[in-house]
Amino acid sequence: MRYRLTFVAGLAVGYVLGTRAGRERYEQLKKAARRIAQSPAVRNTAETAAQQGRQYAGKAFHTVSGKVGDRVPETVSQRVRSLRERTLNGTPEDDWGTSNT
């Protein structure tokens, strides 16, 4: 219950501060966020993190499937398999919309 109250209080403070700042400040923040997101350094870092995540997911799948055998649900095994195939095939775009630039 305490966490819910903290969350609601945070929403209220954010709303009040957001309405006082106005539309102009919102547009400035939006433009700055877009500029940062389109930065080559940020895009490369996001891409690297996504690739490492896929690699770790594949390793975890092999470790878990070796221990639990056929008890892994088919949906999980297919999802991990598709992520591993993307990594192996060098797909230019991942789920985050980053590309190999």
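Modeller: Before we start, helices here are DSSP runs of at least four residues, and strands are runs of at least two. Also, this is a predicted model.

Biologist: How confident is the predictor overall, and what share of the residues score at least 70?

Modeller: The mean pLDDT of the protein chain is 78, and 80% of the residues score at least 70.

Biologist: And in which helix is confidence lowest?

Modeller: That's helix α3 (residues 74-89), with a mean of 71, while α2 has the highest, at 87. Where pLDDT is low, the predicted coordinates should not be read in detail.

Biologist: Let's look at α2 then. How far apart are its end C-alpha atoms?

Modeller: They're 41 Å apart. Helix α2 covers residues 40-68, and its 29 residues should span 42 Å at 1.5 Å a residue, so the two values agree.

Biologist: Which residues of α2 are buried?

Modeller: Glu47, Ala50, Arg54, Gly58 and Phe61. As background, an α-helix has 3.6 residues a turn, so residues three or four places apart point the same way.

Biologist: What about the whole chain, how much of it is buried?

Modeller: Buried residues are 12% of the 101 in the protein chain. The chain exposes about 8,400 Å², with 59% of that from carbon and sulfur atoms.

Biologist: Switching topic: which residues form a nonpolar patch on the surface?

Modeller: Phe7, Val8 and Leu11 do, and together they have about 320 Å² of accessible area. Val8 sits in helix α1, which covers residues 2-37.

Key. Residues are numbered from 1 along each chain as its sequence is written. This is a predicted model: local features need pLDDT of at least 70, side-chain atom pairs count only at pLDDT 80 or more; totals for chains, interfaces and linings use all residues. Side-chain values use heavy atoms; hydrogens and water are left out. Patches are made of residues with over 30% relative accessible area and no salt bridge: like charges are joined within 9 Å, nonpolar side chains (Val, Leu, Ile, Met, Phe, Trp, Tyr) within 5 Å. Accessible areas come from the Shrake-Rupley method with a 1.4 Å probe; for residues, only the protein chains shown count as cover. A salt bridge is a side-chain nitrogen of Lys or Arg within 4 Å of a carboxyl oxygen of Asp or Glu. The expected span of a helix is 1.5 Å times one less than its number of residues. Buried means under 20% relative accessible area, exposed over 50%, partly exposed in between (1.4 Å probe, protein chains only). pLDDT is the predictor's confidence in each residue, from 0 to 100.
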